[in-house]
Amino acid sequence: MPEWLELILRWFHVMAGISWVGGSLYLLWLARVLDDPERARRGESGEPWLVDLSGALLVEKLGFDANGQARTHHWFKRETTLTWLSGFLLLVAGPLAGLSGGGWSGGWRAARPAGAATLALFAAGWIAYDRLWSSRLGARPLLAGGLSFAVLAALAWGLAAVVPGRVMHIVIGALLGTLMALNVWYRILPGLGEMSAARRERRRPDERRCALARLRSVHNSYLMFPVVVLMLGNHFPAWYGHPLNWLVTTLVVLAFVFARHVVATGGAGKWALLPALWLFAAAALVVDLGAGRAAPDAAGAVPFSAARAIVFQRCQGCHSSVPSDRRHAGPAGGIAFDDPAAIAALGARIRAVTTGSRTMPPPGAAGMTEDERELLGRWVAQGARLEP
């Protein structure tokens, strides 16, 4: 795919995502303002005024017993669909095509098997998620939420074992985005349609459908923050290239779930700030411990885990089957370090350019430290062994 077309598609995806996230955050704010018990005690109705330079807008919350039916309803659904479709196109033509050596320049043919497998994963994920949260267990959010995150961690671990870290990272984010999109189409919109029909027919709405729609709307608000940070995180090799990238991803997702609680609930949810900071600090600590700072053993031997962490953090951005540096459609120079065996096989070359000529990483790119260069050189000098 030509680079200009990739640029347009990426711009479209980002703009659609901004519209979706912005609308969701706005609705969260409205819900908090309109349902504020302090306002009710003061005798104020649910009518916030929004003021800008062009004038003022009145937003009113109508109850089911209100007289009449509003002429127009605004459904936030196009943003959801456009964000998901553009994101899936980017996923198929980029990371998934890269698994077969394609990339943006390799066309869509190379990505067909991986794309089909990814769609199957998304479908299975939706079925499992929907059935879990529609069952009796879904009425116990702490238990169902814990089980959901355990499944997410297991899925991330399994993907990390069979695909490059960046692919795992993006697929997990895309899966969460898919759950959000399907929540909108299969649970939230039908619930809103039932509310609208009930108002039009002057009857009480189906409580079960409406409750399910409210629950999935809450889920989407919690998943929104992790999805955004996962999409940003695919530009940081230190994260997705870490040997425990699946664990880092799970910790970050959970941290930003708590961060959402802080933002959406205001002062009432400030307690969630502490676990959010703890979880994010834990993820940062895991990354930091694997960033080439592993000490050699008493005999001076450098473990492969230390060398691998340096290569993943400093080199993986360009030298990967799916490079995060978008200047490369495929692995720079045809060299990919996704497989540990490839790192060992190219040990002498790695030493030559990192501790000899010092031309890699290029100036201004990943900042490899002197200690990291020395550690890599020692690992190669000791035989570039894959054993601990």
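Select tryptophan 126 and show what surrounds it. Leaving aside neighbours within four places in sequence, tryptophan 126 is in contact (heavy atoms within 4.5 Å) with Leu179, Leu182, Asn183, Tyr186, Arg187 and Arg216. Tryptophan 126 sits in helix H4. Helices here are DSSP runs of H or I with at least four residues, strands are runs of E with at least two, and both are numbered from the N terminus. Is tryptophan 126 buried or exposed? Its relative accessible area is 11%, so tryptophan 126 is buried. Buried means under 20% relative accessible area, exposed means over 50%, and partly exposed lies in between, with a 1.4 Å probe and protein chains only.

Tryptophan 126 and leucine 176 are 50 residues apart in sequence, and their C-alpha atoms are 9.3 Å apart in space.

A word on what you are viewing. This is a predicted model, in which local features need pLDDT of at least 70 and side-chain atom pairs count only at pLDDT 80 or more, while totals for chains, interfaces and linings use all residues. Residues are numbered from 1 along each chain as its sequence is written, and side-chain values use heavy atoms, with hydrogens and water left out.

**The whole chain**

Zoom out. The chain has 14 helices and two strands. Of its 388 residues, 42% are buried. Take the contacts between residues at least 6 apart in sequence: 64% of them join residues at least 24 apart. The accessible surface of the chain is about 20600 Å² (Shrake-Rupley method, 1.4 Å probe), and 65% of that surface belongs to carbon and sulfur atoms.

**Helix H4**

Select residues 112-134, which form helix H4. H4 has 23 residues and reaches 33 Å from its first C-alpha to its last, close to the 33 Å expected at 1.5 Å a residue. The expected span is 1.5 Å times one less than the number of residues. Colour the buried residues of H4: Ala114, Gly115, Thr118, Phe122, Trp126, Tyr129, Asp130, Leu132 and Trp133.

**Histidine 219**

Move to histidine 219, in helix H7. Histidine 219 has 11% relative accessibility, so it counts as buried. What does histidine 219 contact, leaving aside its neighbours within four places in sequence? Tyr129, Trp133 and Asn183.

**The second largest pocket**

Next, show the second largest pocket. Its volume is about 990 Å³. A pocket is an open set of points on a 1 Å grid over the protein atoms alone, where a 1.4 Å probe fits, with protein on both sides within 12 Å along at least five of seven lines; lining residues have an atom within 4 Å of a point. Grid points are joined across faces, edges and corners, and the volume is the space filled by probe spheres set on them.

Of the 31 lining residues, select those closest to the pocket centre: Trp133, Gly145, Gly146, Ser148 and Phe149. The elements that give two or more residues to this lining are H4 (112-134), H5 (141-162), H6 (165-200), H7 (207-233) and H9 (245-265). Which helix gives the largest share of the lining? H5 does, with ten residues.

Colour the lining by residue class. You will find 24 nonpolar, seven polar and no charged residues. Ala, Val, Leu, Ile, Met, Phe, Trp, Tyr, Cys and Pro count as nonpolar; Asp, Glu, Lys and Arg as charged; the others, Gly among them, as polar.

**The loop between H6 and H7**

Go to arginine 202, in the loop between H6 and H7. Arginine 202 has a positive phi of about 55° although it is not a glycine. Most residues other than glycine have a negative phi. At 62% relative accessibility, arginine 202 counts as exposed.

In that loop, proline 205 comes next on the tour. Proline 205 is buried, with a relative accessible area of 6%.

**H11, H14 and beyond**

Select helix H11 (304-314). H11 is mostly covered, with nine of its eleven residues buried. Among them are Phe304, Ile310 and Phe312.

Now select H14, residues 370-381. Its end C-alpha atoms are 16 Å apart, which agrees with the 16 Å its twelve residues should span. Buried here are Glu372, Arg373, Leu375, Leu376, Gly377, Trp379 and Val380. Their cover includes H11, H12 (340-345) and H13 (347-356).

Step just past H14 to glycine 383, with a positive phi of about 110°. Finish at alanine 384, in the segment after H14. Its phi is near 50°, a positive value in a residue other than glycine. At 13% relative accessibility, alanine 384 counts as buried.
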